[in-house]
Amino acid sequence: MGKERSRALTNRNSKYIYLLALLPFLFLVVMYELLPLIMLVVDSFGIDKKPNIHFSLENYQKIFTTLSYKTAILNSLRITLTSTAVGIVIAFLGARAAYNSRGRFRSVFMTILNMTSNFAGVPLAFAYMILLGNAGVVRQIANVYGVEFIQNFDLYSRSGLTLMYIYFQIPLSTLLLIPAFNGIRTEWNEANMLLGGNSLHFWGKIGIPVLLPSIFSTLSVLFANALCAYATAYALLMNNFSLLPINISAQFVGDIRTKPKLGAALSVVMMVIMCIVILLNNYITKKTTKWEKR
Amino acid sequence: MKRTKIYANIVMTIVIVWLLIPLIATIIYSLFETWTGIVPQGFTLDAYKSIFTNGAFLTSMYQTLLVCVVPILITILVVLLALFAVTVYFPRLEKYVQILCMIPYTIQGVILSVSILSLYARGTSIFSGRMVMLFGAYCIIILPHIFNGIRNGMRAVNMNMLLEAAEMLGESKLKAFFKIIVPNILTGITVSSLLGVGLLFGDYVIIRNLSSSNVNNMQQFLYQSMKRSSTEASAVFVVIMLITFAITAVVLTLQSRSTLEKIRNERN
């Protein structure tokens, strides 16, 4: 009896030795993920010029009353929402096309999506400058043929940025939606046709409702992807365009005087926007997947 | 039925063309002296010759490799140990480990880099080293991918049964884990670490914010050469693109091979 118990004890002790294997992981996560984020939130309530004050809402007040910060938030939201909306529509059409065509062309399509899904940031901005910049190739061709809307298009503006953001949203969103289409069974379409429905009925009443949870989770990934994107906009416009990630970064590193506590508050605003989108997405997913549980 | 297929092919063609135009235009641009009319003129490889004889470019290539590979090796080791302890001895903790691994999905580069910078930059300890901060941030950024890859691999091989069998044969579980489980999930680990390489290779904001000015990756080199000469930058662009494509190609091949194996195993 006593022997058995001591054996059980050593077994349990030896089990806890394996907690040591968790230590490196905890160290990494605490030092480089949790602690920095917590300190960022704490910092956001401080004031840059007065190091003695530890709790004040001055930064937040400043953000929501100063025009340049408000512009940054609005610009970010506009570009993010537009590129997300366009991205999801193209992804839907693209994923449906991939679902309808099951041949070699489909695998070419998939390969190109995969290849271009890592293509964003500085290289993307550069490629668009070659195409549509002031001496861009497409612009010169447009000059020769007098295509006015391309001649008047300004890449170094919000619409230029939106165009580039749409570019990097397409491969990501299409790749995320394609697996969802595999859940649509051909029998459903057959049933729809037997009942006299056309393809509009099918997608409106069956296809899209079934896909809705995947569409919403894709939307939240796209939103995060566009909201946090930094390099694409910075490579094109440097600090000359007001965007949330660019403003945040400029408060910490840069030629102008840095304001890390204000930057921390801006980061918190960005994280709150992200959290709202994630919570909204979870809520909608719960609502739209109710039928699955029935 | 046939009409939907034709329509599908048209949609896919349009998307492919849209995605490839910027790439192809830049490749052509890098191969010619001038492109001021409709047709580019004067085929030349000078841009490539100039970047491959440029010491700064070669240094940035080597530094990119370094800052990609080291964090991935660290993260793989750390996650392997953590998941070993959690799945074998503390299954209740798995949920929390997973949550910690998924947080980086939502914070992404800008916020992560500025938060690490503001916490450590002013100190004098080892944590304030630029390289240490950069590696820390990179480990966190790839954490979700490495975690998913390793955990999915572990689930596929029925780890607990294999480890118990090894223990009965007189091997310790930790040794058995590294001798039996890790080699079995190597494809999964490779795929997820290549996804991580792709991610870190494309990073610009984290390295810009955290590293000192003498450590530059290829993205930064591209950014600097954009300011100097667009022909030189276009050659850098093509090299970056080829490396990205090579990484993706290896990932796709490994993935399709492992699904083929899975199908074959299920049939047997």
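How many residues of domain 1 of chain B are in contact with domain 2 of chain B, and how many of domain 2 take part? I put this first in the notebook, and I keep in mind throughout that I am reading a predicted model.

**Entry 1: the domains of chain B.** I looked up the division of chain B and found domain 1 at 2-43 and domain 2 at 46-267. The answer to my opening question is that 5 residues of domain 1 of chain B are in contact with 7 residues of domain 2 of chain B. On the domain 1 side of that contact I noted 3 nonpolar and 2 polar residues, with no charged residue among them. I then took the centres of the two domains over their C-alpha atoms, and they are 32 Å apart.

**Entry 2: chain B as a whole.** I counted 11 helices and 2 strands in chain B, and, reading along the sequence, I wrote down the pattern α-β-β-α-α-α-α-α-α-α-α-α-α. Along the principal axes, the C-alpha trace of chain B spans about 75 × 65 × 30 Å.

**Entry 3: chain A as a whole.** For chain A I found 15 helices and 0 strands. Its radius of gyration is 25 Å, whereas the globule rule gives 19 Å for 294 residues, so I recorded chain A as more spread out than a compact globule. The box that the C-alpha atoms of chain A fill, again along the principal axes, is roughly 85 × 60 × 35 Å.

**Entry 4: where the chains meet.** I next looked up the contact between the two chains, in which 67 residues of chain A are in contact with 64 residues of chain B. On the chain A side, helix α2 (residues 23-44) gives the most, with 13 residues.

**Entry 5: α4 against α11 within chain A.** I followed helix α4 (residues 67-100) of chain A to helix α11 (residues 199-227) of chain A, and found the two packed at an angle of about 140° with their axes 9 Å apart. Angles over 145 degrees would count as roughly antiparallel, and α4(A) and α11(A) are therefore oblique to each other. The crossing of this pair is right-handed. Among the residues that make the contact I marked A:Ser76, A:Thr80, A:Ser83 and A:Gly87 on α4(A), and A:Ile215, A:Leu219, A:Leu222 and A:Phe223 on α11(A). By class, the contact of α4(A) with α11(A) has 9 nonpolar and 6 polar residues, and no charged ones.

**Entry 6: α4 of chain A against α1 of chain B.** I then turned to α4(A) and helix α1 (residues 2-31) of chain B, whose axes come within 8 Å and cross at roughly 130°. These two helices are therefore also oblique to each other, and I noted their crossing as left-handed. On α4(A) the contact is made by A:Ile90, A:Leu93, A:Gly94, A:Ala97, A:Ala98 and A:Asn100, while α1(B) brings B:Thr4, B:Lys5, B:Ala8, B:Val11, B:Met12 and B:Val15. I divided the residues of this contact into 8 nonpolar, 3 polar and 1 charged.

Methods. Residues numbered from 1 in each chain as written. Chains lettered and ligands numbered in written order. Predicted model: local features only at pLDDT ≥ 70, side-chain atom pairs only at ≥ 80, totals over all residues. Domains from an automatic or database assignment. Nonpolar A, V, L, I, M, F, W, Y, C, P; charged D, E, K, R; others polar. Helix = DSSP H or I, 4+ residues; strand = E, 2+ residues; numbered from the N terminus. Axes fitted to C-alpha atoms, helices over the stretch in contact; angles between N-to-C directions. Parallel < 35°, antiparallel > 145°, perpendicular 65-115°, else oblique. Left-handed = near helix turned anticlockwise from the far one by under 90°. Rg over C-alpha atoms; globule rule 2.2 N^0.38 Å.
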